[in-house]
Amino acid sequence: MKLYYLTDEALETLRLNIKTNLKYYNSSSNDWIYNFFDGTNPFQEFRYEVNRITLKIDQNNQASADLENIKNIYENLKFLTEEQACDERLWVGLAHSEFWEYMIERNRHNGKTFTESEVKNKFFFNYGKRKSLLVHPIAKLWWTGRNTYDENRENPYELTDFFGTNYYHNNLILFQYNYSNNKNIVTAFIEAMLEMQNNGDKVSTHIFDETAKYLNLISGIYLLDYFEIDELKIKILRKVKELLLNENKNND
Amino acid sequence: MNTKNRHFPYPILREYSDDYINSYFKTEIKIKEDINSFIFEFNSELNDETITNLINKEKAEIVYQIECPQLFFRYIIKTRSLEIEFAIDSKKLNGSVKVSSYIVAKDDIDDYTNINFHTDFEDSKFKLFRGNIIALGNQYKLIINKNLEKLSQNDSIFLIVRDDSSERSAIKIDTDNDKIKIILNNEDFKNYNILSKRIDLLPSMHAMIIYPALLQVLEKIRTSNIQEYEDMKWFNVITYIINKSDYEILEYIEKYGTEVLAQKLLDFPINRALKSLVSIGEDEE
């Protein structure tokens with residue numbers, strides 16, 4: 001499969017004319033794009049060709065489908081550098097070409113049509129450079145893969161599997177903090193969460209959020225990057241257990 | 001991590017704080033570009049005997065942190081040496097980069113005290129844990145931009161796009177993304193497309209369209225908070241060019257004015273346009 005990205009001009013022109021083109025963002029075909037640009041191809045071919053990537057939609061279990069999609073996208077596009085992978089032209093280009101049908105079906109709720117602001121938020125980068133990589137429906141799949149993939153594990157997607165539940169929320173919460181730029185810190189965090197889950201403890205949204213917040217708090221007096229993964233994991237587990245205890249007390 | 005206004009539960013040696021008297025920890029950073037990497041040169045000065053002894057006894061270390069949030073990159077370099085050079089793959093850095101320096105406890109330190117503590121902490125002892133920050137050096141924020149090009153040779157920071165919504169709307173400028181968008185209505189865009197294919201008319205295009213746009217942008221910079229634009233590629237290209245003259249952008253605008261700056265950045269577009277039109281006229285004769 002060829003990869004296509006939008007030219008700068010095409011990207012900005014599409015962004016500018018969302019209102020005019022709104023009706024087309026609810027159609028199954030992207031042929032309108034070529035007509036909109038008067039027959040000129042708004043896409044440029046990326047120099048690499050990859051295996052065909054099919055993204056899954058499962059209305060009954062989208063969480064599981066998203067997990068598969070993360071692995072599918074990252075496994076096939078692992079060769080991208082971070083610089084290439086933060087380029088809006090690539091992801092918006094793919095959303096308007098190869099993954100057009102996925103975008104339309106994935107985001108269509110109960111037969112409703114897209115509003116102008118939904119198109120702006122879902123098809124384009126509308127949340128700032130960094131947050132958009134965690135929110136854009138295609139870009140976030142790659143970046144979650146990149147942030148959790150570990151080739152040194154027997155299952156290199158072991159940490160990715162943690163995002164099988166509550167993906168959107170957990171992805172956004174964890175990676176909003178600057179400390180998540182250090183992959184060792186992310187590894188320690190997710191390993192701690194997985195250990196609790198494997199022990200039969202439920203890691204609620206509250207516990208996840210508070211632990212992420214806790215790490216940010218202690219980063220004021222500790223240089224988190226200084227710790228080995230296991231050292232940091234012990235600190236995180238201590239906090240998670242404390243939160244779990246409080247949660248269980250409140251539930252009694 | 002921005003540390004200037006943070007409060008700590010024990011004294012930390014840092015600028016803008018009187019936790020310590022007569023001590024300092026400063027770092028100077030230089031960056032050189034190599035073929036595939038950026039070379040960071042760190043040169044630190046530490047003026048505190050107790051902390052120096054901790055480092056020499058391997059109970060503390062100097063740590064440099066390089067962070068590029070846009071590319072989810074963060075890396076640390078640990079050392080006991082006050083001078084060190086380190087290379088980072090250039091693919092890992094682009095846009096805004098923060099560089100911080102720390103002195104960190106390598107092991108737990110019982111009863112940490114220092115003769116340079118402020119009198120408020122005189123005779124106080126603190127338990128420090130491995131990983132605790134003992135000193136904070138300067139923080140640097142820099143912008144790394146690759147493939148910077150001169151404005152007059154390649155209008156790569158400008159993008160001319162069409163707005164289908166109204167046939168007779170006025171030209172608009174949008175500075176919210178990496179390129180400065182010049183938005184034309186349908187008719188103007190069609191005509192621009194026809195004329196821009198003629199190389200002899202390019203100077204006139206610069207004068208009529210790019211120059212007024214750039215002037216408006218510089219006026220915006222002059223009257224707004226420039227931090228709004230620091231992450232934008234177009235802003236960093238303009239700043240990079242001006243910095244070659246040893247001026248900061250606002251200093252240059254203050255001294256010479258926005259109209260002079262706009263003309264210099266575009267290599268005197270009015271002059272070039274007039275010359276090219278005269279030349280076209282002569283050819284037609």
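This is a predicted model: local features need pLDDT of at least 70, side-chain atom pairs count only at pLDDT 80 or more; totals for chains, interfaces and linings use all residues.
Chain B brings strands into the picture, with an open three-stranded sheet in the order β10-β12-β11 and a hairpin formed by β1(B) and β2(B). The largest nonpolar core has 130 residues, and there are 40 aromatic pairs over all chains.

**Helix α11 of chain A**

- Helix α11(A) covers residues 167-174, and six of its eight residues are buried, so the rest of the structure largely encloses this helix.
- The buried ones are Y167(A), N170(A), N171(A), L172(A), I173(A) and L174(A).
- Y167(A) also belongs to a cluster linked by ring pairs, whose other members include W142(A), W143(A), F189(A), F208(A) and, from chain B, F72(B).

**Nonpolar cores**

- In the 130-residue core, the residues that touch the most other members are W91(A), F123(A), I66(B), L93(B), I103(B) and I134(B).
- Helix α12(A) supplies the largest share of this core, at nine residues.
- A second, separate core has 32 residues, among them L184(B), I209(B), Y211(B) and I253(B).
- What does F123(A) touch, leaving aside neighbours within four places in sequence? Its contacts are Y25(A), V92(A), A95(A), H96(A), W100(A), M103(A), I104(A), F114(A), E118(A) and H136(A).

**The three-stranded sheet in chain B**

- The sheet β10-β12-β11 of chain B has mixed pairing.
- Its edge strands are β10 (158-163) and β11 (172-174) of chain B, and each of them pairs on one side only.
- On average, neighbouring strands here are turned by 30° against each other, ignoring direction.
- β11(B) runs antiparallel to β12(B) (residues 180-185), and three bridges join the two.
- If you want one specific pairing to look at, D174(B) has K181(B) in β12(B) as its bridge partner.
- Helix α2 (residues 186-195) of chain B lies across β10 and β12 of chain B, at about 110° to β12(B).

**The β1-β2 hairpin in chain B**

- Three residues sit between β1(B) and β2(B) in this hairpin.
- The two strands run antiparallel and are joined by ten bridges, with β2(B) spanning residues 37-47.

**Rings and charges**

- Y20(B) and F117(B) make an edge-to-face aromatic pair, 5.3 Å centre to centre with 75° between the planes.
- That pair ties together distant parts of the chain, 97 residues apart: Y20(B) is in the segment before β1 (24-33) of chain B, while F117(B) is in the loop between β7 (109-112) and β8 (126-128) of chain B.
- Both Y20(B) and F117(B) are buried.
- F40(B) and F42(B) count as stacked because their planes are at 15°, with ring centres 6.2 Å apart.
- F40(B) is buried at 0% relative accessible area, and F42(B) is buried too, at 2%.
- Two charged side chains sit over rings: K235(A) lies over the face of Y222(A), 4.7 Å from the ring centre, and the charged end of R162(B) is over the ring of F36(A), 4.3 Å from its centre.

- E45(A) is part of strand β2 (residues 43-49) of chain A and is partly exposed, at 47% relative accessibility.
- Not counting residues up to four places away in sequence, E45(A) touches K2(A), L3(A), Y4(A) and Y5(A).
- E45(A) and L6(A) are 39 residues apart in sequence, with their C-alpha atoms 8.8 Å apart.
- D38(A) isn't a glycine, yet it has a positive phi of about 55°.
- Where is D38(A) found? It is in the loop between α3 (32-36) and β2 of chain A, and it is exposed, with 63% relative accessible area.
- D123(B) is another non-glycine residue with a positive phi, near 65°.
- D123(B) lies in the loop between β7 and β8 of chain B and counts as exposed because its relative accessibility is 71%.

Key
Residues are numbered from 1 along each chain as its sequence is written. Chains are lettered from A and ligands numbered from 1 in the order in which they are written. Side-chain values use heavy atoms; hydrogens and water are left out. Buried means under 20% relative accessible area, exposed over 50%, partly exposed in between (1.4 Å probe, protein chains only). Helices (H or I, at least four residues) and strands (E, at least two) are DSSP runs, numbered from the N terminus. Two strands pair if DSSP finds at least two bridges between them. Axes are lines fitted to C-alpha atoms, for helices over the stretch in contact, and angles run from 0 to 180 degrees between N-to-C directions. Contact means heavy atoms within 4.5 Å. A nonpolar core is a set of buried Ala, Val, Leu, Ile, Met, Phe, Trp, Tyr and Cys residues joined through side-chain atoms within 4.5 Å. Rings of Phe, Tyr and Trp (its six-membered ring) pair if their centres lie within 6.5 Å; planes under 30 degrees apart count as stacked, over 60 as edge-to-face and the rest as tilted. A charge sits over a ring if NZ of Lys or CZ of Arg is within 6 Å of the ring centre and within 35 degrees of the ring normal.
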